[in-house]
Amino acid sequence: MKKTLTALAVLGACMSNASAQSAVTLYGIIDAGVTRVNNDGGNNRTTIEAGQMQVSRWGLRGEEDLGGGLKARVNLEGTLSNDTGTAGVPTGTPSSTALFDREATVGLAGDFGAVTLGRQNILGINSVGMADPMGLAFAATSPNVLFSAMNSAAVYGAYGANNGGSALRQSNSIKYVSPYWHNFGIGLMRAFGEQPGSTQKNKYEGVSAFYHTGPFGASAVYARLKNITASEELKSWAFGARYTGTRFSLRSTYSTNELETTGRRISVFGVGIDVPVAPAVTLTGAVYNTRHTGDARDDSQQFIAIAKYAFSKRTSGYASIGHARTDTVVTATQINLAQGFVAIGSDSANRITTGVIHYF
């Protein structure tokens with residue numbers, strides 16, 4: 001009995017020592033709202049939808065101090081569809097649901113910056129995403145998420161290391177993000193298509209620069225992606241800037257991506273403002289213009305107003321009203337510049353949403 005107790009004590013001491021050297025944090029966001037969309041073509045719907053203000057997610061984040069300022073880091077993060085209770089989304093070809101579709105990385109960090117390997121966001125989300133006019137709300141219909149960050153699988157799925165999935169996140173990738181040097185930093189990223197015969201097939205290459213000082217921040221990113229045969233190249237540029245003041249905050253972004261073979265160009269300009277009108281209440285207004293030129297021509301605009309009430313640091317309620325329109329009636333064969341908002345057979349729609357978001 002004494003030997004057993006001694007062994008348990010030793011085991012407990014070892015476990016305590018291990019836990020003191022490393023830590024794992026469970027975190028996430030649960031967001032759900034009631035949405036009513038009225039399309040002018042009569043395609044109206046009322047839904048309970050997850051991830052309105054922020055995409056619902058859960059994750060595990062770990063860090064170990066290796067000494068000398070060096071740290072090991074891991075991050076696993078997956079999408080939660082809390083309206084249906086499912087987890088993860090399909091990625092790649094053949095399509096399979098990935099539990100940690102948002103991020104699955106391991107890396108090292110120190111005075112030199114951070115290097116991570118695995119599946120992770122492209123550089124645009126890490127840099128220009130901070131200036132999105134409505135703070136990356138309504139990701140399923142946001143022009144910045146769908147087109148600036150290339151999250152539309154139908155439009156961008158053939159390019160980059162996912163081969164059929166969204167180009168917003170790249171598998172088989174390595175990323176470097178520098179520390180700030182005099183308020184300035186850079187990011188570098190390469191994703192490998194892992195196709196035989198060429199390192200160019202399904203590749204992603206990106207470089208970003210960012211600057212932050214006081215209330216002002218700005219960033220820019222450039223990326224190149226190729227298809228599975230390396231015969232087509234997609235180029236992307238994006239810029240963002242924000243000002244955060246005590247009375248209001250301003251954010252603006254511009255992006256464009258171009259497919260060399262067809263000349264297709266999709267550009268997005270957005271501007272937004274946040275105004276705190278009471279200690280717990282913030283009003284947000286955002287406007288986007290999305291333009292398709294080159295192989296076709298179409299314009300789309302979105303106008304969104306959001307009111308948020310903070311019940312606590314972790315829980316908020318929100319209400320939003322939005323309007324979207326396109327130059328032409330949307331058809332099944334064209335690129336819909338207001339995906340998830342304006343339905344096929346319509347050229348405009350109105351949306352009302354109210355919901356709750358909780359961070360843990």
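## First stop: Thr353

Select Thr353, which is buried, with a relative accessible area of 1%; buried means under 20% relative accessible area, exposed over 50%, and partly exposed in between (1.4 Å probe, protein chains only). The model is predicted, and local features need pLDDT of at least 70, side-chain atom pairs count only at pLDDT 80 or more, while totals for chains, interfaces and linings use all residues. Residues are numbered from 1 along each chain as its sequence is written, and side-chain values use heavy atoms, with hydrogens and water left out.

Thr353 belongs to strand E20 (residues 348–359). Helices (H or I, at least four residues) and strands (E, at least two) are DSSP runs, numbered from the N terminus. Now display the side chain of Thr35: it makes a polar contact with the side chain of Thr353 at 2.9 Å. A polar contact is a pair of N or O atoms within 3.5 Å; within protein, one must be able to donate a hydrogen and the other to accept it, and residues adjacent in sequence count only if both atoms are side-chain atoms.

Which residues is Thr353 in contact with, leaving aside its neighbours within four places in sequence? They are Val34, Thr35, Gln52, Phe138, Tyr318, Ala319 and Ser320, where contact means heavy atoms within 4.5 Å.

## Second stop: the nonpolar cores

In soluble globular proteins, nonpolar side chains tend to be buried together. A nonpolar core is here a set of buried Ala, Val, Leu, Ile, Met, Phe, Trp, Tyr and Cys residues joined through side-chain atoms within 4.5 Å.

Select Met134, Phe147, Tyr156, Tyr204 and Leu225; of the 36 residues in the largest nonpolar core, these touch the most other members. Among the elements that give two or more residues to this core are helix H3 (143–148), helix H4 (153–156), strand E11 (184–191) and strand E13 (216–226). The largest share, 3 residues, comes from E13.

Next, centre the view on Leu225. Apart from its neighbours within four places in sequence, Leu225 is in contact with residues including Met150, Tyr159, Ala167, Tyr204 and Leu234. A second, separate core has 7 residues, among them Ala324, Ala338, Val342 and Ala349.

Move to Val145 in helix H3. Val145 is buried, at 6% relative accessible area. Leaving aside its neighbours within four places in sequence, Val145 is in contact with Leu136, Ala139, Met150 and Asn151.

Side chains of opposite charge can pair when their charged atoms come close. A salt bridge is a side-chain nitrogen of Lys or Arg within 4 Å of a carboxyl oxygen of Asp or Glu. By this rule the count comes to 11 salt bridges.

- Glu205 and Lys203 form a salt bridge, with the closest N and O atoms 3.1 Å apart. Glu205 is partly exposed at 23%, whereas Lys203 is buried at 2%.
- Arg265 and Glu258 meet in a salt bridge of 2.8 Å, N to O. Arg265 is partly exposed at 28%, and Glu258 is partly exposed at 23%.
- Arg291 and Asp299 form a salt bridge, with the closest N and O atoms 3.0 Å apart. Arg291 is partly exposed at 35%, whereas Asp299 is buried at 8%.

Then select Arg190, Lys203, Glu205, Arg224 and Glu233, which salt bridges with shared partners join into one network.

Glu194 is found in the loop between E11 and strand E12 (204–213), and Asn202 is placed in the loop between E11 and E12. Glu194 has a positive phi of about 55° although it is not a glycine. Phi of Asn202 is near 55°, a positive value in a residue other than glycine.

Is Glu194 buried or exposed? Glu194 is exposed, with a relative accessible area of 60%, whereas Asn202 is buried at 0%.
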